[in-house]
Amino acid sequence: MAEIQLGNLLIYYKEIINGYYLFHIFIGVDMIKEIKIGGFGGQGVILSGVIIGKAATLFDKKNSVQTQSYGPEARGGASKTEILISDEEIRYPKAQNPDILIIMSHEALLKYHADLKEEGILIIDPDLVHLDVISDFISEHKIDVYEANVTKIATEEIGMKIVANIVMVGVVTKITKLISVDAAKKAIIDSVPKGSENKNISAFESGYNLF
Amino acid sequence: MVEDNESTETDFITYEEKNPYIKYFRKDRLPTIFCSGCGIGITINSFLKGFESSGMDFNNLSLVSGIGCSSRIPGYLNCDSLHTSHGRALSFATGLKVGNPDLDVVVFTGDGDAAAIGGNHLIHAARRNINLTVICINNNIYGMTGGQISPTSPEGSLATTAPYGSIDTPFNLIDLVTAAGATFTGRWTTAHPLQLSNSIKNGLLNNGFSFIEVVSQCPTYYGRKNKLKTPVSMIKMFKESSINKRKVGTLSEKELLSKIVIGEFVNKKREEFSNKLENLSHKESGRNTIRKSAYIL
Amino acid sequence: MTKELFIQGNEACARGAIEAGCRFFGGYPITPSTEIAEYLSTTLPEVSGSFIQMEDELSAIGAVIAASWSGVKSMTATSGPGFSLMQENIGFAMMSETPLVVVDVQRGSPSTGQPTMSGQGDMMQARWGSHGDYEPIAISPSSVQEFFDFTVLGFNLAEKYRVPVIILADEVIGHMREKVRLPDNVETFKRIMPKEDPKDFLPFKNVRNGTNPMPAFGDGYNIHVTGLTHNELGYPITINPKVHSNLVRRLVNKILKNRKDIVSCDFKYCDDADIVLISYGSPVRSIMETVKIGRSSGIKLGYLKINTPYPFPEDEVVKIAKNVNDLMVVEMNLGQMFHEIERVASSNAGVHLFSEIGGTLPKPNDILDRILELL
């Protein structure tokens, strides 16, 4: 049994006898936007997911679920978060075929790129990944690629490497329009340590103005 | 409806006349399950004498125990009592004291309960210096299960699980809890009831973790297995092998192996755990922890 | 005005506990439950409560039981390996009728298994983990909101029936963030003090509804609490068969006879369904999605969401089984509640198992694959 999803149609098909296929077509699959962010521990990958989810639910009044997975390492291991955003109730909380994939480490690129939806959006930090290894995948699936050098911007423009994740939230807000600027800023202020709000808002704006 | 098939018809009038502490007992539970000649009786009397002389209120006393002969004591005394699972008495006592720091909490335990299965809880309760008075009745054997070796059985002593003599090295319980941070420790034998009751009083009055070891006779198992068949011969042995801590200096390490060092070893001040929690509550909420909040929240 | 937050399931659980009146937490750190302890270590002192990190899970549950007898609503939180260590004294709490809440945020198992991944391998341990006959109450949340609500419910049921209540959550719900609405007023069940004079009070009386009022230590009732078989006064009576039988039957019946009050299930689209999916905890999210997709394409699916695995909702499962061709149990183990469902439903419907182990949620598309094979 194989499956393809086209918009809100989910199509299952199975070859019964040579050349004869059995199809099941499911309509009305929810228009849930799925975002996956992958990187390594310590980059603030999970916090960026929390901020996007918080912006969508508390400030844009949509529905959102944020999940995460991580290895046993306290620092430096693989780190991943998924955020689902929808106007409707979200039942299944995990991303199945992300619409948007954000990659902050080469390991994450190799691990997650294949899940990306046909014509999906891929945002990478070009200083952390070698995109050429998936160039066939990108052309074959018509992936829309954005290169956002968020770590460099955080280091050089803000003077704090650790706000690269917030720069990335700015990039995502601009490119995907899944959350509003106002909601994103409120969610950042609500989530970052007291006293660091201004630096983080600057980081967000740098990312937002990159595209 | 109260069924009580473990007690038999006995006349207690003579007890009441002879024993001034009988008023603290649940008389409907007597006689006890303890063997005749057991050291627990002397320990209970010494405890009640020490308790009376401490000036504390019996109505405010809670007793906690685990499993073993000594852990049956709380069931016979007429106060709130918690008879828990094997080795866990100190963890229960910790929850009780933290839940209501106004209670005076005393733990009755034995060598197996405190030092084998409950050894971890023992060192951590001492480390916290939580205000509990632990009375550890050490008979060097598992009595309730029929005479197996314990963590304090002397090397070479016989037991049903050491038919060739114990090859284990015994724990020195006082050294153990002292190293872990107890602020009051004392050791006596059942041949020293007055000194014992005095140390129990001192332990009760110490606002911290107090540990009193009572070297006690189990004529039924330890005595029978180790050529000390009568309670009298065991108590005689305790008297002969006891040495006050002041005189220890004159003996070699080898000579000390066969001795029971008695006395009070530690009596010092250190901040108590439930007080620290109360201070934290005061700092963060402006008041002490709420007592009996389950009835109002 | 209700407050809305975007928080992790574990934080929602801790907040629920505070709202329910919990003022004592004793625990030992273990992934993926640790955030509950961390949150309460900050919050409990702020509400005049006590937090203590114990030396292991054996002592954590002991401290919680005794704190409950001191008159304070008490809880602990753990995961599979710690839950195993707590079984001894969960049995003590059953026998001594001690109200408390144990939160088990399940992870991949057996043994230390998969600390950062999800699983539901503790279902039978929650039912039969301690030795002997007893009837646990267990509640499984399938959303962050439910982790808050069910923790409150857990405390209320624990106090009402004087039993330990187990919240059987899992890593997905513990670590997931979602919107939670915190109500202004949380209804709590306040512990009932005996009305009788201490000398007339039988703390473990064989009362008709099974549950007695509960005095606290220090109230003058001079109560004796023991894990040994005891008579109505609380005194150990260990060789009288009738005393043991009366006691254990009362403890079991006080839950079973109040099954209707305790059991909670939600079901949807079951009236005309050909196949009903059954789950509890986080995989409920998978079956809800599966039913949505199936229904929109003309496959008559329904779902039964079990909120209280224990007492097991026998009547509810049988009622649905009578109306459908097949039931499919979806769980993150190799079949635990499946056997319970098969036991009560197999004479009325085909009972199938969809197992997912490895740490991730069952995927709706994979469940659909299995359903298409049944059609």
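How far apart do the C-alpha centres of domain 1 of chain C and domain 2 of chain C lie? The answer is in the first legend; keep in mind that this is a predicted model.

**View 1. Two domains of chain C.** The C-alpha centres of domain 1 of chain C and domain 2 of chain C lie 26 Å apart. Domain 1 of chain C covers residues 3–182, and domain 2 of chain C covers residues 263–374. Where they touch, 23 residues of domain 1 of chain C take part, along with 20 residues of domain 2 of chain C.

**View 2. The side of domain 1 of chain C that touches domain 2 of chain C.** Have a look at β6 (114–118), α5 (123–128), β7 (137–139), β8 (164–170) and α7 (171–175) of chain C: these elements each give two or more residues to this side. The largest share, four residues, comes from α5(C). Sorted by class, this side has 12 nonpolar, eight polar and three charged residues.

**View 3. Helix α2 of chain B, end to end.** Now hop over to helix α2 of chain B, residues 40–54. With 15 residues at 1.5 Å a residue, α2(B) should span 21 Å, and its end C-alpha atoms are 21 Å apart, so the two values agree.

**View 4. The buried residues of α2(B).** Which residues of α2(B) are buried? They are B:Ile40, B:Ile42, B:Thr43, B:Ile44, B:Ser46, B:Phe47, B:Leu48, B:Gly50 and B:Phe51. Among the elements covering these buried residues are β4 (132–138), α7 (193–205) and β8 (210–215) of chain B.

Notes:
Residues numbered from 1 in each chain as written. Chains lettered and ligands numbered in written order. Predicted model: local features only at pLDDT ≥ 70, side-chain atom pairs only at ≥ 80, totals over all residues. Expected span 1.5 Å × (residues − 1). Buried ≥ 20, exposed ≤ 12 C-beta atoms within 10 Å, placed from the backbone. Contact = placed C-beta atoms within 7 Å. Domains from an automatic or database assignment. Nonpolar A, V, L, I, M, F, W, Y, C, P; charged D, E, K, R; others polar.
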